[in-house]
Amino acid sequence: MAAEDGKKTSTKKKIKLRFWAKVVRISLYTLAGFFLYFLLVDINFLWLFGKSPSISDLKNPRMSQASEIYTADGVLLGRYYAENRSPVNYKMLPQHLINALIATEDVRYYDHHGVDFKSVVSIFYYAAKGDNRGGSTITQQLAKNLYKTRKDVSKGLLGSIPGFKTFISKTKEWITAFKLESNFDKKEILTLYFNTVDFGSNTFGIRTAAKTFYNTTPDSLSINQSAVLVGLLKAPTYYSPLANPKNSLMRRNTVLSQMEKYGFLKNEEKEAVSSEPLILDFHVDNPYDGPGVYFRGVMNNYLKEWGKKNGYDLYTDGLKIYTTIDSRLQKLAEESVAEHMRPLQKRFNNHWEGRNPWVDERNKEMPFFIDSLVKKSDYYKFIAKKYKDRPTMLTKLLNKKRRMKVFTWKGDKDTSFSMMDSIAYYKHFLHAGFMAMDPNTGYIKAWVGGINYKYFKFDHVKQAKRQPGSTFKPFVYAAAFEKGYSPCDRLRDEPITINYVENGENKSWSPHNADWEFTGDSMSLRHAMALSINAIAAKMTEKIGWNTVAEYARKCGIRTPIKAVPSICLGSNDVSLYELVGAYGTFMNYGEWIEPAFITKITDKNGKVLHTFVAHREKAISEETAFLMSYMLQGSIEEGGTSANLWTYDLWKHNNRMGGKTGTSSNHSDGWFVGVANGMVGGVWVGGEDRCIHFRTTDMGEGSQTALPIFGLFMEKVYADESLGFKQGPLPKPRVKINKTYMCNGGKPRHQKKADSTTVEVGDLEKIK
């Protein structure tokens, strides 16, 4: 019996051993299966599971980061971004912000290695009770945010099968979380997390969130503010303190309760903070805010092209762009434009009171001007196609009034306008462009492309090209000096007709002076340029050749293709303010043209220099000619010329010397002024959006009245601010011997102030009569 019992016991032991052996085998196979599954997912076996982040991806995490543009004096000018984000380091994270996150999202954060298995088990427990809870750790959330483990690029072939996508994505989050914990310490993971999360309102990362919601920095966030921001992470819209303040308050208090529960706050602290109201200082980055918006718009196009050529994305790579703009000069330039254009617009409105300002050469209103503009719009083309057989409906839509905000010089105005009304309203405005440059470096110091970027985005510094009028005459005289003439050479102010051949056709041109008078006086070239005598500029052009004028204009920096015809001397070709200011810089830089520059360097997000920009330089004219041109430009002020209005500004202390040239195109459509001073060249354009919109009289529409005052106001402000370092005094002395005679009696003074020249073609006199 005992033997039989022993045999049974032995059999039971064997069965038990076999059972446990089987359990061990199954466990080992299961573990091996899991390891194999994880390995296959990680390597994306046969493209079944989709791409997972590599070790290199982990060590060099790539997050979308805003690129920033800085002025020469270190002021942030603007940002370009797809996701509004600026990273911080761990030292900028206050401890109560970290505590709020851990208490709310991952209380065992410091105890696990990426995946919290206790939390995973609890998911099933609470799910059985009908309570769906998340179990992702902070590290898993980072994996999802940083490496987009749930995006289509990561789903693979099996990801298209219902149910598989979520399971595979979760697996990848686990794997990536383990890798993150192996490559980064806990502080680094927290820093990465706070730099990647979405806080809503197009706000990514804690630095931008602190700035957007509270106008502060992360290290200055209070417990209250930290709890609100951490509470946002669960559902940025639902818990938004801006859109849903009640929900946000409730969620904030939940975060505070969690902090108390896990020992991060005492009860009295929790109660005190819970009683505080939600107080926001909300400010979303606006592309129209801040200085230099026109400049930023031009930079945007340039930088996108640069990035495309060099393999960088302006909106995601966190580039740092350092520009030549001085924030202080930019501010003064914007103030000067506004200070002059506000009253000028009022004068323009009074000038045209009761009439529309779009007129033909006889100053008669163009009856279908607005209609023609409407028909060019995309909206018109859309509705015209949709209602092509219903003209009544088309007219009704074009004249249907809608509530809108419009620009005024007193601020935005709420009104009701139809499309026709809106276009007509905005066509009444005069526009302006201003650019200031250091002639010795080519660095652009201020750029104002218009009167208000929010409403008028067209840039009048570089994008616009208009007839420069008499501001082109200096290139005639510079070419003449290169060909042997001097400022003291004399020509007579008398009628002239130039016969020439253009495209095989015989033509003649008989220019008139701006005041329609010829004095018959013999005068020096300096005096002739000072008084802007068209007849003498035309005579000199005939003597040296219009091709020669075009050649030297190009050498000095006018790179827009120029038509070499006799009227070139009166500015008949369209040019940009950008190139005109750069060309005048040649006169102030000893005859060397420097292409105007607006960027000094670009670095990556870590400060590594990617590209240093060196201004392009070319020898254009001799140093002697450059000095003579500087002297000629001073004559426009000193000899009672068209720039004499500058005497009315506070610019003349300490024996200060300045020069300049005004310009006015046909019918006063464009008013120009380019001024030179020690260390500064500044140019101004003023006019209507279309050439048919302008003043009717010379005394109101010439460049000395419309454009020169902006330069005068700007230089007054520059000299008044001693911190800028611009001092009044003489212009630079020549570095070479001046062999040509240049100091002489110019000629008889005019009986009245000389007007700017206008480009008047033969036959125009008859039209105006």
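**View 1. The second largest pocket holds about 790 Å³ of space.** The model is predicted: local features need pLDDT of at least 70, side-chain atom pairs count only at pLDDT 80 or more, and totals for chains, interfaces and linings use all residues. Residues are numbered from 1 along each chain as its sequence is written, and side-chain values use heavy atoms, without hydrogens and water. A pocket is an open set of points on a 1 Å grid over the protein atoms alone, with protein on both sides within 12 Å along at least five of seven lines; lining residues have an atom within 4 Å of a point. Volume is the space filled by probe spheres set on the points, which are joined across faces, edges and corners. The lining counts 30 residues, and Gly78, Arg79, Tyr81, Asp285 and Arg296 lie nearest the centre. Strands E1 (67-70) and E2 (76-80) and helices H8 (206-214) and H12 (293-310) each supply at least two. E2 gives the most, five residues. Helices (H or I, at least four residues) and strands (E, at least two) are DSSP runs, numbered from the N terminus.

View 2. A cavity is a set of grid points where a 1.4 Å probe fits but cannot get out. Of the 13 lining residues, Phe587, Tyr590, Phe627, Ser630 and Pro732 are the closest to the centre. Helices H22 (577-588) and H23 (623-638) each contribute at least two lining residues. H23 gives the most, with four.

**View 3. The second largest cavity holds about 50 Å³.** Strand E18 (residues 680-688) gives the most to this lining, three residues. Other parts of the chain also line the cavity, including Leu430, His668, Phe695 and Thr706. By class, the lining has four nonpolar, eight polar and no charged residues. Here Ala, Val, Leu, Ile, Met, Phe, Trp, Tyr, Cys and Pro count as nonpolar, Asp, Glu, Lys and Arg as charged, and the others, Gly among them, as polar.

**View 4. One disulfide is found in the whole structure.** Cysteine 488 is joined to cysteine 744, S to S 2.0 Å; a disulfide is a pair of cysteine sulfur atoms within 2.5 Å. The two lie 256 residues apart, cysteine 488 in the loop between H18 (473-482) and E8 (490-492), cysteine 744 in the loop between H26 (708-720) and H27 (764-768). The S-S torsion is about -110°, so the disulfide is left-handed. Cysteine 488 is buried at 14% relative accessible area, and cysteine 744 is partly exposed at 33%. Buried means under 20%, exposed over 50%, and partly exposed in between (1.4 Å probe, protein chains only).
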